Amino acid sequence: MVLRKETEDFVSIGNDDFNIVIHSPPLKIPKDNFNTVKMFLTASSHEDSRKKAVELGGDTLDGEWANPIFKICNISDPEGNHIQLREFV
């Protein structure tokens, strides 16, 4: 993994398919919807990944966002840690 970006309140390390971001929230977010450390993973299918997360005891979070490169959704593991999934278009 390599350092991708670093500012006073943001550090991003990763490789082509895996990214870890350590940061302060960029805006006011309820504490139960925010983790200081968040994994960003590439998924071939949001739908399949969300189903698998629930099967393994995790949860899915509302919302999906997109830009011209990828779609984004969030899941959580059984301990409540948020994981962002990126599905390239």
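**Entry 1: Glu87.** I began with Glu87, which I found in strand β7 (residues 82-88). Strands, as I use the word, are DSSP runs of E with at least two residues, helices are runs of H or I with at least four, and both are numbered from the N terminus. I noted that this is a predicted model, in which local features need pLDDT of at least 70 and side-chain atom pairs count only at pLDDT 80 or more, while totals for chains, interfaces and linings use all residues. I also noted that residues are numbered from 1 along each chain as its sequence is written, and that side-chain values use heavy atoms, with hydrogens and water left out.

Is Glu87 buried or exposed? I found a relative accessible area of 15%, so Glu87 is buried. Buried means under 20% relative accessible area, exposed means over 50%, and partly exposed lies in between (1.4 Å probe, protein chains only).

I then looked up what the side chain of Glu87 reaches, and found the backbone nitrogen of His46 at 2.7 Å. This is a polar contact, that is, a pair of N or O atoms within 3.5 Å; within protein, one must be able to donate a hydrogen and the other to accept it, and residues adjacent in sequence count only if both atoms are side-chain atoms. Leaving out residues up to four places away in sequence, I listed what Glu87 touches: Ala43, Ser44, Ser45, His46, Phe70 and Lys71. Contact here means heavy atoms within 4.5 Å.

**Entry 2: the start of the helix.** Ser45 is on that list, and I looked it up next. Ser45 caps the N-terminal end of helix α1 (residues 46-55), with a side-chain oxygen 3.4 Å from the backbone nitrogen of Glu47. Just after α1, I saw that Gly57 takes a positive phi of about 95°.

**Entry 3: the whole chain.** I counted one helix and seven strands in the protein. From the N terminus on, I wrote the order as β-β-β-β-α-β-β-β. Of the 89 residues, 29% are buried. The accessible surface comes to about 6200 Å², and 53% of this belongs to carbon and sulfur atoms. These areas come from the Shrake-Rupley method with a 1.4 Å probe; for residues, only the protein chains shown count as cover.

**Entry 4: the rest of β7.** I found five of the seven residues of β7 to be buried, so this strand is largely enclosed by the rest of the structure. β7 pairs with β6 in the antiparallel sense over seven bridges. Two strands pair if DSSP finds at least two bridges between them. Opposite His82 in β7, I found Ser76. The hairpin of β6 and β7 has five residues between the strands, and Gly80 takes a positive phi near 95° there.

Ile83 is also in β7. I read 11% relative accessibility for Ile83, so this residue counts as buried. Ile83 and Met39 are 44 residues apart in sequence, but their C-alpha atoms are 5.0 Å apart in space. Apart from neighbours within four places in sequence, Ile83 has contacts that include Lys38, Leu41, Cys73 and Ile75.

**Entry 5: aromatic rings.** How many aromatic pairs does a search of the whole structure find? I found one. Phe70 and Phe88 form this pair, which is edge-to-face: 5.5 Å centre to centre, with 75° between the planes. Phe70 lies in strand β6 (residues 70-76) and Phe88 in β7, so the pair ties together parts that are 18 residues apart in sequence. Rings of Phe, Tyr and Trp (its six-membered ring) pair if their centres lie within 6.5 Å; planes under 30 degrees apart count as stacked, over 60 as edge-to-face and the rest as tilted. I noted that Phe70 is buried at 13% relative accessibility, whereas Phe88 is partly exposed at 46%.

**Entry 6: β2 and β3.** I turned to strand β2 (residues 10-14) and strand β3 (residues 18-23), which pair in the antiparallel sense over five bridges. A hairpin of three residues joins β2 to β3. Ser12 is in β2, and its bridge partner in β3 is Val21. With a relative accessible area of 6%, Ser12 is buried.

**Entry 7: a loop residue.** Last, I looked up Pro68, in the loop between β5 (59-66) and β6. Pro68 counts as exposed at 78% relative accessibility. Its C-alpha atom is separated by 7.6 Å from that of Val89, 21 residues apart along the chain.
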